[in-house]
Amino acid sequence: VDAAQSMQSDVEDDSEREGGGGGILLGFSEEPEAPRYLLRHFFPSKIGGQPAWLDPIRLPQGDNQTKCCGCGGPLSFLLQLYAPINLKDECFHRTLYVFTCTKEECLRKNLGVTVLRCQLRRKNPYYGYHPCEDEQEQPVLAPGQKCEPPQTGFLGPWAESELVTDEEPRDAGEAQEGESNESELDRLARQYGGMVVGRGGGEGEDMALGEEDQDDEGDIDLNEMDENGDEEWAKFRKRLSRAPSQCVRYCGDPEGGEPEDGEDRVPLWPSSSNLPGEIPKCELCGEPRKFEFQVLPQVLYYAGVDSGLPDDLDFTTIAVYTCTCDVWGGQGSAYAREFAWTHCNG
């Protein structure tokens, strides 16, 4: 199987193994076998660098897609997932893109992350009906395309790597070959041990992270969560111990239906506070969204993000919810905006 098509093939393989529902897929950072596998004609899943735009002509447009909704500043590309839906012809090719603002205030207000979805039918103006030859170094310019890659205002400051997927182990004893769970957890604790998350009150009383009147009593150091009895953190740590280097948890269904193990198809939260309420419906069609994947803070390490900077990218998880109808993008853009909830540090 071509390395650059790993997301699609892994989803299909898992669907067969699990009788249609498919298992939860984990995304891991790896060096690509060749740089060309991270270009758009190989439909990559990847971290960092510049986006590999699925539609290279009808690019994101308007401040709602291209600027931070908090400060109006530029967004930086974090990662993309190639996640087609097998039974929908209009989703034969489908990629989800995650962009972030690096300003702490924007992330804490849940305004600093933008997720865009793009999809194409199998027969389209940009790619052949069959996969390209493995030796093809560059994508073919699309009709009307002036350069490759297309020039946009998005920033690409972070290290580039391929996201390869594997089914989540059933327990910590099934960790990847050569991966030590304890040593990886220790490294993550050293890297992100200073993270804190706001502890709010009851329903509707969560603290608005980043407010000036927040005091230190509302913060919990992640290293102290076990001692303080945060049940969600204990579940979070235990589940991640199955494969501590995971950067993404993909819980979507490749067939576009409801998975059989629905109880697992919810975000894995690091804390019981700062959780989303009602998920907004799709702005284009009015249909509900459902949870598809989440980004974990381990991605910051592999992207080379310096967590020591006072005003740099930092979060505990990003949960992404996508339209259940996979409606096409708006006028002039092939990219539709989806909903992301940023569970941020205190």
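Start by selecting F43, which is buried, with a relative accessible area of 7%. This is a predicted model, so treat each stop as a feature of that model. The value for F43 counts as buried because the cut-off is under 20% relative accessible area.

While F43 is still selected, look at its backbone: phi is positive, about 50°, although F43 is not a glycine.

Next, select N110. You will find N110 in the loop that runs between α3 (104-108) and β5.

Now move on to P149, in the loop between β5 (113-120) and β6 (161-167). Show E148 as well and turn to the peptide bond from E148 to P149: this bond is cis, and its omega is near 0°.

For the last stop, select helix α6, residues 231-240. Colour W233, F236, R239 and L240, which are buried. Then turn the view to look down the axis of α6: the buried residues fall within an arc of 135°, so they line one face of the helix.

Which residues are exposed on the other side of α6? Pick out E231 and K238, both of them exposed there.

Note on methods. Residues are numbered from 1 along each chain as its sequence is written. This is a predicted model: local features need pLDDT of at least 70, side-chain atom pairs count only at pLDDT 80 or more; totals for chains, interfaces and linings use all residues. Side-chain values use heavy atoms; hydrogens and water are left out. Buried means under 20% relative accessible area, exposed over 50%, partly exposed in between (1.4 Å probe, protein chains only). Helices (H or I, at least four residues) and strands (E, at least two) are DSSP runs, numbered from the N terminus. The arc is that of the directions from the helix axis to the C-beta atoms.
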